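I set down each item as I looked it up.

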Amino acid sequence: MPNAFHHLASACRVPPQSRVRLADHDPAATLGPAFAALHGRTIKERADAVLAENRAQLEKAQDVLWASASYSVLVVLQGMDTSGKDGTIKHVMSGVNPQACEVHRFGPPTDEELDHNFLWRYWQKLPGRGRIGMFNRSYYEDVLVVRVHPQLLAAQRLPPGTAGRYIWDERYDDINRFERHLVRNGTVILKFFLNLSRAEQKRRLLARLEDRRKRWKFSSADLEERAYWKDYMKAYADMLGATSTEWAPWYVIPADHKFVAHAAVAAILTGRIEQLGLAYPRLPAGSERRLAEARRRLLGAARPAPRRAR
């Protein structure tokens, strides 16, 4: 579905080094024009059609990615609590080969991780060639959560004088160079910000409290973080503008409607892998003769005699 990919990528992509105003990005947008060429009477039907077709295409694209073993794909998912990161992974990646896909969810850093620079623990989990890696939260937490809660920066035990007024600009630069290095060495990076409204987050948190089957998902920390909503939106806007690059772009995905978010992420991910133009490896010269001989031997092999009953 190449048209859907191009439309959605264009609608959601953050221009490199741009000034981002999240107020200009509607969390409840249905990306109607991007689905205009699809069949279906409603946006949800159209989104479901995009998701279904792209899951099938993603399965094929991943198989070629795995066989060619020349590129890897890193998908970064960021968003406020309840924005749908887990659900996006579940719905988009449900048809792929689990042997060639890995998901990493990063919580607060351990003491060992705090003994290293902020990128170290993520470096350990990067996908190998032929694989798709999903980061549910990522190194961007160090310019989001840590920025909103400066006391976390003190816990990182940085050398004296290195946590000054320009530390966030310096970390943006570190991240851009880190991602540039990865791309130069064959990693395709796709970064999705699931843009959720404060009102929709409230509705989802209440749903977790009211539905016994969802209560296990509720965390009082999610409620406490709502008090910092404006600070987070400022941190996200600055981060998106500073770290969306030609080689590793950010996509702002409207997340108030889960079906729209799932369809958009699936279409962009699948379309980007297909853009690589990968093909199954060619067999070396002379292989056809060896394969024909193997086939002849298999077809001509005598069947084992049936065992006699005792």
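I take a salt bridge to be a side-chain nitrogen of Lys or Arg within 4 Å of a carboxyl oxygen of Asp or Glu. The pair links distant parts of the chain, 42 residues apart: Asp-115 lies in the loop between helix 4 (111-114) and helix 5 (120-123), and Arg-157 in the loop between helix 7 (151-154) and helix 8 (167-184). Helices (H or I, at least four residues) and strands (E, at least two) are DSSP runs, numbered from the N terminus.

I note that this is a predicted model, in which local features need pLDDT of at least 70 and side-chain atom pairs count only at pLDDT 80 or more, while totals for chains, interfaces and linings use all residues. Residues are numbered from 1 along each chain as its sequence is written, and side-chain values use heavy atoms, with hydrogens and water left out.

I then checked exposure, where buried means under 20% relative accessible area, exposed over 50%, and partly exposed in between (1.4 Å probe, protein chains only). Asp-115 counts as exposed because its relative accessibility is 56%. Arg-157, at 47%, counts as partly exposed.

Next I examined Glu-179 and Lys-191, whose side chains meet in a salt bridge of 2.9 Å, N to O. Glu-179 belongs to helix 8 and Lys-191 to strand 4 (residues 187-195), 12 residues apart. Are these two residues buried or exposed? I recorded both Glu-179 and Lys-191 as buried.

A further entry concerns Asp-86, which forms a salt bridge with Arg-105 at 3.3 Å between the closest N and O atoms. This pair joins helix 3 (residues 85-92), which holds Asp-86, to strand 2 (residues 101-105), which holds Arg-105, across 19 residues. Asp-86 is partly exposed at 42% relative accessible area, whereas Arg-105 is exposed at 62%.

I also found Asp-81, Arg-137 and Glu-141 linked in a network of salt bridges. The count of salt bridges comes to 17.

Lastly, I turned to the whole chain. It has 13 helices and five strands, and its C-alpha trace spans about 75 × 55 × 50 Å along its principal axes. Buried residues make up 46% of the 310 residues.
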